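How do you know when one of them fits? Let's take a protein model and check the labels one by one.

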Amino acid sequence: MYTISQLAKEFDISTRTVRYYEELGLLEPSRSDGNRRVFSKREYARLKLITRGKRYGFQLDEIKEMVTLFDKDRTGAKQLQKTIEYGTKKVAEVEERIQELTELKNEMNELLTDFQKRVGGNHDYDA
């Protein structure tokens, strides 16, 4: 069992963030005799999935759908299918962003080359 402070420290997030995830229905802690939040290993695992999903750029509603699907289908098949669907979409978005950044880098290098020619320098900024 984990306290809210332990989870926040473990995942390097604020206790407010943990409470927010609870408000959204992403986490469902139980309560101690003193009415304090107590998080199980299940909630720990969910928070791990949530933070991983955030790091990969998923929206909280997408993460919630992926995380809660396991509760509806204990085989995990539906959860995996949804994760594949969202993951494929996210990879395509990343690929598109990489292409945009590569084009931007190439344009900037062309400008720098042009500027260098104008001032007579010959520096390579393509690193």
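What follows is a set of questions and answers about this predicted model.

Q: Why is Tyr21 called buried?
A: Tyr21 has a relative accessibility of 6%. Buried means under 20%, so Tyr21 gets that label. You'll find Tyr21 in helix H2, which covers residues 15-23.

Q: How far apart are Tyr21 and Lys64 in sequence, and how far in space?
A: Along the sequence they are 43 residues apart, and from C-alpha to C-alpha they are 9.3 Å apart.

Q: What about Gly57: why does it count as partly exposed?
A: Its relative accessibility is 31%. Partly exposed runs between the 20% cut-off for buried and the 50% cut-off for exposed, so Gly57 counts as partly exposed. Gly57 sits in the loop between H3 and H4. Its C-alpha atom is 17 Å from that of Phe11, and the two residues are 46 apart along the chain.

Q: How do you know that Arg42 and Glu43 form a salt bridge?
A: Look at the N to O distance between their side chains: 2.5 Å. The limit for a salt bridge is 4 Å, so this pair passes.

Q: Are Arg42 and Glu43 buried or partly exposed?
A: Glu43 has a relative accessible area of 1%, so Glu43 is buried. Arg42 is at 32%, so Arg42 is partly exposed.

Q: Why does the pair Lys89 and Glu62 count as a salt bridge?
A: Their closest N and O atoms are 3.9 Å apart. Since the rule says within 4 Å, the pair counts.

Q: Which helices does the salt bridge of Lys82 and Glu65 link?
A: First the bridge itself: the side chains meet at 3.4 Å, N to O. Lys82 is in helix H5 and Glu65 is in helix H4, 17 residues apart. Here Lys82 is buried, with a value of 16%, whereas Glu65 is partly exposed at 30%.

Q: How many salt bridges does the structure hold?
A: It holds nine. There is also a network of salt bridges that links Glu22, Arg31 and Arg37.

Q: How do you know where empty space is left?
A: You roll a probe the size of a water molecule over the atoms. In this model, the largest pocket holds about 250 Å³ of space.

Q: Which residues line the largest pocket, and where do they come from?
A: Among them are Leu49, Tyr56, Ile63, Val67 and Leu80. Helices H3, H4 and H5 each supply at least two residues of the lining.

Q: What classes of residue does the lining have?
A: The lining has seven nonpolar, three polar and one charged residues. Arg52 is in the lining, and Arg counts as charged. Gly53 is there too, and Gly counts as polar.

Note on methods. Residues numbered from 1 in each chain as written. Predicted model: local features only at pLDDT ≥ 70, side-chain atom pairs only at ≥ 80, totals over all residues. Heavy atoms only, no water. 1 Å grid on protein atoms, 1.4 Å probe; cavity = no way out; pocket = protein on both sides within 12 Å on 5 of 7 lines; lining within 4 Å. Points joined across faces, edges and corners; volume = space filled by probe spheres on them. Helix = DSSP H or I, 4+ residues; strand = E, 2+ residues; numbered from the N terminus. Buried < 20%, exposed > 50% of the residue type's maximum accessible area, 1.4 Å probe, protein only.
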